[in-house]
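Here is a short briefing on one protein model.

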Amino acid sequence: IIMVLQQKGLLKERKIFVFISGREFALREIKIDFEQDWALFEIPEELKGKYLSSKIGESSELKPGHFLYFIGCPFVDGTLLRSGIVEADSFELKKRGLAISKGDVFALSGGVYPGDSGGPVFALRDGKLELIGLIKSTHLYTNIGHALKISPILEKIKAATGVDLAK
């Protein structure tokens with residue numbers, strides 16, 4: 001859970017943190033993209049390597065029928081790991097005033113629900129998990145979700161920071 005503290009509706013001080021096992025850990029903001037609605041934060045040293053980590057994959061290689069895993073918190077207090085498949089490797093997403101390029105989004109099945117947004121999407125390559133996207137939205141009555149491909153996000157991070165996370 002990432003929290004942003006505000007005072008009286010005005011952004012007086014922004015403090016971004018995550019709660020893990022009842023403890024608060026401050027996060028350092030690296031990049032926020034309001035157009036595509038994602039953010040990148042650096043986690044504290046004491047948390048690095050203690051939780052699920054994976055290689056960053058190449059989302060441009062996604063094809064319909066590819067098997068996926070995704071993590072989210074739909075309707076519950078806990079985190080759920082589910083499986084699904086790529087329904088469409090390219091999908092135009094227009095939602096709440098955001099227009100995201102068709103090539104930057106893919107559709108996935110497997111029961112994507114409200115509360116899953118922002119969760120990671122993984123594919124298997126040679127028996128190992130690779131991060132290939134972030135859940136963006138869902139069609140509640142169809143169980144079809146939409147995810148941002150990780151490759152375009154990495155390009156924006158590299159342009160903004162000079163850091164190539166794909167390596």
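The second largest pocket is lined by Glu58, Glu61, Leu62, His66, Phe67, Ala123, Leu124, Arg125, Glu130 and Ile132. A pocket here is an open set of points on a 1 Å grid over the protein atoms alone, where a 1.4 Å probe fits, with protein on both sides within 12 Å along at least five of seven lines; lining residues have an atom within 4 Å of a point. This is a predicted model: local features need pLDDT of at least 70, side-chain atom pairs count only at pLDDT 80 or more, and totals for chains, interfaces and linings use all residues. Residues are numbered from 1 along each chain as its sequence is written, and side-chain values use heavy atoms, with hydrogens and water left out.

**Pocket**
- The volume of the second largest pocket is about 190 Å³, taken as the space filled by probe spheres set on the points, which are joined across faces, edges and corners.
- Its lining holds five nonpolar, one polar and four charged residues. In this count Ala, Val, Leu, Ile, Met, Phe, Trp, Tyr, Cys and Pro are nonpolar, Asp, Glu, Lys and Arg are charged, and the others, Gly among them, are polar.
- β12 and β13 each supply at least two lining residues. The largest share, three residues, comes from β12.
- Glutamate 130, one of the lining residues, sits in strand β13.
- Glutamate 130 is buried at 7% relative accessibility. Buried means under 20% relative accessible area, exposed over 50%, and partly exposed in between (1.4 Å probe, protein chains only).
- Beyond its neighbours within four places in sequence, glutamate 130 is in contact with Ser54, Lys55, Gly57, Glu58, Val121, Phe122, Ala123 and Arg125. Contact means heavy atoms within 4.5 Å.

**Whole chain**
- The protein chain has one helix and 14 strands. These are DSSP runs numbered from the N terminus: helices are H or I with at least four residues, strands E with at least two.
- Of its 167 residues, 34% count as buried.
- Among contacts with a separation of 6 or more, 49% join residues 24 or more positions apart.

**Nonpolar cores**
- The largest nonpolar core has twelve residues: Leu62, Leu68, Phe70, Val86, Phe106, Leu108, Val112, Val121, Ala123, Ile132, Ile135 and Ala147. Such a core is a set of buried Ala, Val, Leu, Ile, Met, Phe, Trp, Tyr and Cys residues joined through side-chain atoms within 4.5 Å.
- β7 (67-72), β11 (105-108), β12 (120-125) and β13 (128-139) are the elements that give two or more residues to this core.
- Another core, of ten residues, lies apart from it and includes Phe122, Leu131, Leu154 and Ile157.
- Leucine 62 belongs to the largest core.

- Serine 59 lies in the loop between β6 (55-56) and β7. Its relative accessible area is 0%, so it counts as buried.
- The side chain of serine 59 makes a polar contact with the side chain of serine 151 (2.9 Å). A polar contact is a pair of N or O atoms within 3.5 Å; within protein, one must be able to donate a hydrogen and the other to accept it, and residues adjacent in sequence count only if both atoms are side-chain atoms.
- A polar atom of the serine 59 side chain also lies 3.3 Å from the backbone nitrogen of isoleucine 150.
- Isoleucine 150 is in helix α1 (residues 150-161). Isoleucine 150 is buried, with a relative accessible area of 6%.
- Serine 59 and glutamate 130 are 71 residues apart in sequence, with their C-alpha atoms 9.4 Å apart in space.

**Other loop sites**
- Serine 109 is in the loop between β11 and β12, and is buried at 14% relative accessibility. Its side chain makes a polar contact with that of glutamate 87 (3.0 Å).
- Aspartate 126 lies in the loop between β12 and β13. Aspartate 126 is exposed, with a relative accessible area of 76%.
- The phi of aspartate 126 is near 55 degrees, a positive value in a residue other than glycine. Most residues other than glycine have a negative phi.
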